[in-house]
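Below are the places I looked up, in brief.

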Amino acid sequence: MAKYEHLVLFASIKDNKEFRLILSNNSFTYKYLFKSFKNVYIVNVNNLRFLKKKAYLNKKILKNFFPDLNLKFYSLDKFMHLHNLLKKKKIVGIKKFGTSYSELIISIFLKFYDVKLITIGNTGNRNYTTKISSNKIRLFNNFLIKTLAHKITVFLSMIGLVRKIDIRFISNPDFIRFNKNNITNKIANFFNLPYAKKLIPINSRAYDIFLKSKFKIKKDYITVLDEQLDEPQWTRFTGVKKKKDIILHYKKFNIYLKKLSKVLKKKVIICIHPNDNLDEKKRLFKNFKVLKYKTREYIYKSYLVVFFESSAITDAILLNKNITTIKSKILDENQISSAMYYVKGINAPVSSIDNIENLNLTKNFLIKNKVIKNAKKIKKYYKNFKRTYLCAGEKNTLGVEKIRKTIKLEYKLN
């Protein structure tokens, strides 16, 4: 195996908001890897996507996340510039862009250079199948825009026109089992056709951070992982929710949180997604503190975590926190089912807020409905989920360290 020289993160970043999101979600993993190698680049490929608006990114964001690292950053808008960057270089690339039609040309372009691509899937969450609205137009659009584009990319990789993924690091063993047992995948594996050549199981990002975390584990707060009700992930299937329904939902949710706070004698902290609107959420939660980029810190300090659908809940599972998810009329079937995958995995209770005005919320009620459990029961309910999804690899071993060692071993990268 020839010796490789550069580690490059290829990411499709459309604006500064998404720039912060990508770095925030992966800051621990990226910082660990970037510190491990000498020559590290971050390359934004968004401006190379077909018919896409040009992104103008603030490099200070990079410094905010990695102040002590000397990283080279490029936001390229011409393929000739990408050619000049890649030519005569031996590169290990972390692929952080998708398989849409507009990104396909980038995957084809990389085929002509000495680039070994890896992907990292270490969120530690379970897979679930998104249900699409019965609306035929939405069904067709989803197939045409997302499903077909992915299938075309995979097919082109099979016939050698698109660069394949050399190694896919993944913390979800369900995917690995499916890949081994599905008959179509078995045939593809036999003929060396898969889009990802090799799958390597690793421990989750949450487990890595748990091993290295400096946060103190406390039981001081009720932490809420609030949902983006009209996030495009959901609306592309079911449409935008009515404003009056959103207002009613938050009215009931606030009542529920006030009752919880009073009964448990704990302060409520609202933690929102990095892409959420902070000012809007402050208006919706007038009586509570609303924070961004503080989710993990407050999960570590929590007695109870209230969530809708969020991969951040894996931290609460790992820390054996009391957990409940919320049921509300405004949630569509995908928002409910995605949360239920966690509920089934850890036997967490579902708290309905639709008739919260009439509910006599007491400590006994919370215990009876398993919103509050003792430490023994929590460990029993969470044990299998943690072993399966959060620590699927070697115990007390960083998943990101396995990535680092594999890169060094496979590609001789220094």
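**Entry: L48.** I am working with a predicted model. I looked for L48 and found it in the loop between β2 (40-44) and α2 (60-65). Is L48 buried or exposed? Its relative accessibility is 5%, under the 20% cut-off, so I note L48 as buried. Next I listed its contacts, leaving aside neighbours within four places in sequence. L48 touches L76, D77, K78, F79, L82, I105 and I106. I also checked S102, which lies 54 residues from L48 in sequence. In space, their C-alpha atoms are 8.5 Å apart.

**Entry: helix α10.** I checked the span of α10, residues 243-264. The helix has 22 residues, so at 1.5 Å a residue I expect 32 Å. Its end C-alpha atoms are 31 Å apart, which agrees. Then I asked which residues of α10 are buried. I found I246, H249, Y250, K252, F253, N254, Y256, L257, L260, S261 and L264. After α10 comes K265, and its phi is positive, near 55°.

Entry: I traced β4 (residues 91-96) against β5 (residues 115-121) and found them parallel, paired over 4 bridges. Here V92 stands opposite K116 of β5. How does the chain get from β4 to β5, and which hand has the crossover? It passes through helix α4 (residues 101-110), and this β-α-β crossover is right-handed. I then followed β5 to β6 (residues 165-170). These two also run parallel, joined by 4 bridges. In this pair, T119 faces R168 of β6.

Key: Residues are numbered from 1 along each chain as its sequence is written. This is a predicted model: local features need pLDDT of at least 70, side-chain atom pairs count only at pLDDT 80 or more; totals for chains, interfaces and linings use all residues. Side-chain values use heavy atoms; hydrogens and water are left out. Buried means under 20% relative accessible area, exposed over 50%, partly exposed in between (1.4 Å probe, protein chains only). Contact means heavy atoms within 4.5 Å. The expected span of a helix is 1.5 Å times one less than its number of residues. Two strands pair if DSSP finds at least two bridges between them. A crossover is right-handed if, with the strands pointing away from the viewer, the path from the first strand over the helix to the second runs clockwise.
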